[in-house]
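Hi there,

Here is the structure I promised to pass on.

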Amino acid sequence: MWKKILALLFGFLILGLTVSSASATAGLVNGTVNGTVKLPPEFSPEKRPGDEIQPQSVTVVAEPFISAFVPGVGWIVAVGSIIALIAKYVYSKPVSEFTEAFVSEIPDKITYNGQKLAKGVKTNIWGSEAEIGYGYVKKKWFGLKKEAVIVKPIIKINRDEVKAVEDLFSPKEYGKLLAQAYLNGWDANKAKKLAEDFDREYRNFHAFYSGGYHPSCEAGPVIIKQYGARHIIKRHITQEIPGGTPWEVNSARELLDIIKQVIENPDIEECKPWKDTHRAVLHKNINGKWYTVVIERVRYWWEVVTAFPRDMPPV
């Protein structure tokens, strides 16, 4: 019984924070949220089978929302434009920071299957997992009961998944990265999995560079360390590629295999001094597409600096 009472009190606390914070912080958060919209307000994704139909028997509110499940109480829904601030009270820190960053990057509202939907978040009370997407709030019983409905989910994330890549990206960086993947047309959940897999596998990457024409560009083993891994996966997921060419790979293993092929059997290579060391720029045509890998000499081995596909062959 006492657990239900505590849960009820916590639910009222959340609602109290919503009311007291709205006036003082709405302007600040509106500036943050509305100022980072990447798509036009009429962005309308394709219709898919099984899309939910907006209920007509209840009042529907298409405003940004956050919905938290409180054991013993049910769903506590806060409606308004203060998602980022309320999230700090509801989520644990890694998920909170990820969610704030992701939500700040996507448009406030979209038109989907003829519906006007607002961005929103659903989470459990412990803050260990969250779902971000577009939907609405159903108001029943003259507004006394509210229920959040996510019609178009974007991504589900939990604490373990955020922390799985913490050596490469902070939660806020990771949130912005996956939001950009979504805005670029990727499935955000697939982008998340690829980042996790790459983070797990790049440490075991090994290749061998046979050496260049310059005396300092001698043969040696090649590895990928944190800086190179961060650079590669960021470019891959956000498609921040010279010329705008995406990698067009489906797994971290495929991505690493391409990098290894370029290093071990390049078609064109350049080796030149770089600051106090040397860099080799390696190019290879694989199945009709050119790829470039840049490696840097570090003592008795080489490290991958970056890797990317090319629209045109190197000059």
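Predicted model: local features only at pLDDT ≥ 70, side-chain atom pairs only at ≥ 80, totals over all residues.

Six strands make up an open sheet with mixed pairing, in the order β8-β9-β13-β12-β11-β10. The edges are taken by β8 (207-209) and β10 (268-274); each has a single partner strand, so one side of each has no neighbour in the sheet. From one strand to the next, the twist averages 30°. The partner of β8 is β9 (residues 220-223), and the two run antiparallel, joined by three bridges. Within that pair, Phe 208 has Pro 221 in β9 as its bridge partner.

Helix α8 (residues 252-264) lies across β8, β9, β11, β12 and β13, at about 110° to β11.

Now to the packing. The largest nonpolar core has 64 residues, and those with the most contacts inside it include Phe 198, Tyr 209 and Ile 263. Phe 198 touches Ala 229, Ile 232, Ile 233, Ala 252, Leu 255 and Leu 256, leaving aside residues up to four places away in sequence. Apart from this core lies another one of six residues, among them Phe 65 and Ile 150.

Phe 198 is also one of the buried residues of α6, as are Lys 192, Glu 196 and Asp 199. The buried residues of this helix pack against α3, β7, α4, α5, α7 and α8. At the start of α6, a side-chain oxygen of Asp 187 comes to within 2.8 Å of the backbone nitrogen of Asn 189.

Best wishes

Key
Residues numbered from 1 in each chain as written. Heavy atoms only, no water. Pairing = 2+ DSSP bridges. Helix = DSSP H or I, 4+ residues; strand = E, 2+ residues; numbered from the N terminus. Axes fitted to C-alpha atoms, helices over the stretch in contact; angles between N-to-C directions. Contact = heavy atoms within 4.5 Å. Core = buried A, V, L, I, M, F, W, Y, C linked by side-chain atoms within 4.5 Å. Buried < 20%, exposed > 50% of the residue type's maximum accessible area, 1.4 Å probe, protein only. Polar contact = N/O pair within 3.5 Å; in protein donor to acceptor, adjacent residues only side chain to side chain.
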